[in-house]
Amino acid sequence: MAFEVQGALEREREFRAAPKCASVPVTASGCLWEQDFTVRKADLNRGRRNGPPEAELLLPTGKPWGVTFRDTDPVVSEMEPGDKVVGLIWHGQVVEVRDADGRRQQTSTGPVGWPEDRLGGALACIAFGLPALVGSLWPLFARGNRRHAKAATVVRWHGVGIGGAAILTLWAQSANDWPMWAIPAIWGPLALLLLASMVAFVLAALRGDLDDDVPSEPTLTG
């Protein structure tokens, strides 16, 4: 995941530093070229499971060019057949679409925003996966010990909370268009609080503070 984040960062930096093409590129090029398109059709695929929003654009020659998007807003949701849009072409792919009102939207191949997604995904995987692994293996090394089993359950549930905090942080960063550093800046303190809570509950479980109180059986006297 670290290599994924690094690769996404390098690709985004390359895109932002790319110059404009002096003429229409005849082969896939690292320069940026703005191409006029006419919308032939657009489909948000809301009824299709896991179907991304997509559109079919027509070049001035009439040749179709299909593109997909990660989200429906702000451009593809407003597309209608016959609309004029401008596609930004980079390395032979339409990476961004701009409508007549100047609104821009990255396509699925657009490089902007992927570093944040990769970082958020890495944090969520680590937050879910590591406590789940520890919480699953712990009881295997302490079979029959109820306190250790309860402590392992505490670890697993706190892993769910830490992973959920990572997903919510990624959602907030994406919705508000915050920079990538906002993800660890927000998630870090939340994760530390949840880790402190996990340690406290684990210690309590090992001491027996979380044991269910079992009422003692009445003593029969003859």
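## Charged surface patch

Patches are made of residues with over 30% relative accessible area and no salt bridge, like charges being joined within 9 Å. In this predicted model, a negative surface patch of that kind is formed by Asp71, Asp73, Glu78 and Glu80. One of these residues, Asp73, lies in the loop that runs between strand β3 (64–68) and strand β4 (84–90).

## Annotated transmembrane regions

The unreviewed UniProt entry carries the annotation "transmembrane region" for residues 119–142, 154–173 and 185–206. In the model, the span 154–173 is 100% helix and 0% strand, with its end C-alpha atoms 29 Å apart. The span 185–206 is likewise 100% helix and 0% strand, and the end C-alpha atoms of residues 185–206 lie 32 Å apart.

With a relative accessibility of 38%, Leu137 counts as partly exposed.

## Salt bridges

Side chains of opposite charge can pair when their charged atoms come close. With a salt bridge taken as a side-chain nitrogen of Lys or Arg within 4 Å of a carboxyl oxygen of Asp or Glu, the count for this model comes to six salt bridges.

One of the pairs joins Glu96 to Arg104, where the closest N and O atoms are 2.7 Å apart. The two partners fall into separate accessibility classes: Glu96, at 10% relative accessibility, counts as buried, whereas Arg104, at 45%, counts as partly exposed.

Arg103 takes part in two further pairings, meeting the side chain of Asp99 in a salt bridge at 2.8 Å, N to O, and that of Asp101 in a salt bridge at 3.7 Å, N to O. Asp99 is buried, with a relative accessible area of 12%, while Asp101 is exposed, with a relative accessible area of 64%, and Arg103 counts as partly exposed at 32% relative accessibility. Through salt bridges that share partners, Asp99, Asp101 and Arg103 are joined into one network.

Notes: Residues are numbered from 1 along each chain as its sequence is written. This is a predicted model: local features need pLDDT of at least 70, side-chain atom pairs count only at pLDDT 80 or more; totals for chains, interfaces and linings use all residues. Side-chain values use heavy atoms; hydrogens and water are left out. Patches are made of residues with over 30% relative accessible area and no salt bridge: like charges are joined within 9 Å, nonpolar side chains (Val, Leu, Ile, Met, Phe, Trp, Tyr) within 5 Å. Accessible areas come from the Shrake-Rupley method with a 1.4 Å probe; for residues, only the protein chains shown count as cover. Lys and Arg count as positive and Asp and Glu as negative; His and the chain ends are not counted. The place of a charge is taken as NZ of Lys, CZ of Arg, CG of Asp or CD of Glu. Helices (H or I, at least four residues) and strands (E, at least two) are DSSP runs, numbered from the N terminus. UniProt positions are given in the numbering used here, feature names are shortened, and annotations may be inferred rather than shown by experiment. Buried means under 20% relative accessible area, exposed over 50%, partly exposed in between (1.4 Å probe, protein chains only).
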